[in-house]
Amino acid sequence: VFFVKVFFFFALWHEATFVVNVTQSSYEAEENQNITLEWTFTSRTQGSYRELFIYCEAITDHGVFVIYHMHKGVEIPASQDDQFSGRVQIDKDVLREGRIRLHVSRLRTEDSGLYLCDVMTDYGFNSGRCRLKVTGEKKYY
Ligand SMILES: *[C@@H]1O[C@H](CO)[C@@H](O)[C@H](O)[C@H]1NC(C)=O
Ligand SMILES: *[C@@H]1O[C@H](CO)[C@@H](O)[C@H](O)[C@H]1NC(C)=O
């Protein structure tokens, strides 16, 4: 019983100390522009990220779309919804530092919505969300 309690203590402790933050809670952009959405998560200075799972979705008025999926450190482009295909890139260099930088290009007004990323590693799970508002291109006459 003691060991079970110790196990649960560590499981809960891990969950509580693994955080996913957003660097900005909301973004605004015009259509056809590009934007970089950024999340940060608790990273370890040593060890590899073979057990890194990332699942990012956009919840919009037009539906819920998968924008990015990484399974055990490997990108799964097939999971991505057509609405975002070819428009999302992750910055792999900064993943190790615990930063998820998603570059979304050629924004559309219907991309507006809530963006959330679930992150799981072998030492915890959490998620973070931000808002994106894409306005119509300004016309100058
Ligand atoms: C998350 O945000 C909290 C509060 O601002 C900060 O103390 C913590 O260092 C941040 N952690 C990460 C991984 O960004
Ligand atoms: C937006 O990103 C696309 C593809 O990554 C690039 O070709 C284009 O030049 C970028 N546009 C701006 C305004 O930065």
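Six strands make up an open sheet with mixed pairing, ordered β2-β10-β9-β4-β5-β6. Strands here are DSSP runs of E, at least two residues long, numbered from the N terminus. Two strands pair if DSSP finds at least two bridges between them.

A word on the source: this is a predicted model, where local features need pLDDT of at least 70, side-chain atom pairs count only at pLDDT 80 or more, and totals for chains, interfaces and linings use all residues. Residues are numbered from 1 along each chain as its sequence is written, with chains lettered from A and ligands numbered from 1 in the order in which they are written.

Inside, β9 (residues 113-121) and β10 (residues 124-135) run antiparallel over nine bridges. There, Val119 sits opposite Asn126 in β10.

Next, the open sheet of four strands. The order is β1-β3-β8-β7, with antiparallel pairing. β1 (20-22) and β7 (88-90) are the edge strands, each pairing on one side only. From one strand to the next, the twist averages 25° (axes are lines fitted to C-alpha atoms; angles run from 0 to 180 degrees between N-to-C directions).

β1 pairs with β3 (residues 35-41) over three bridges, antiparallel. Asn21 has Thr40 in β3 as its bridge partner.

What surrounds ligand 1? Val19, Asn21, Thr40, Phe41, Thr42 and Gly98 do; near means a C-beta atom, placed from the backbone, within 6 Å.
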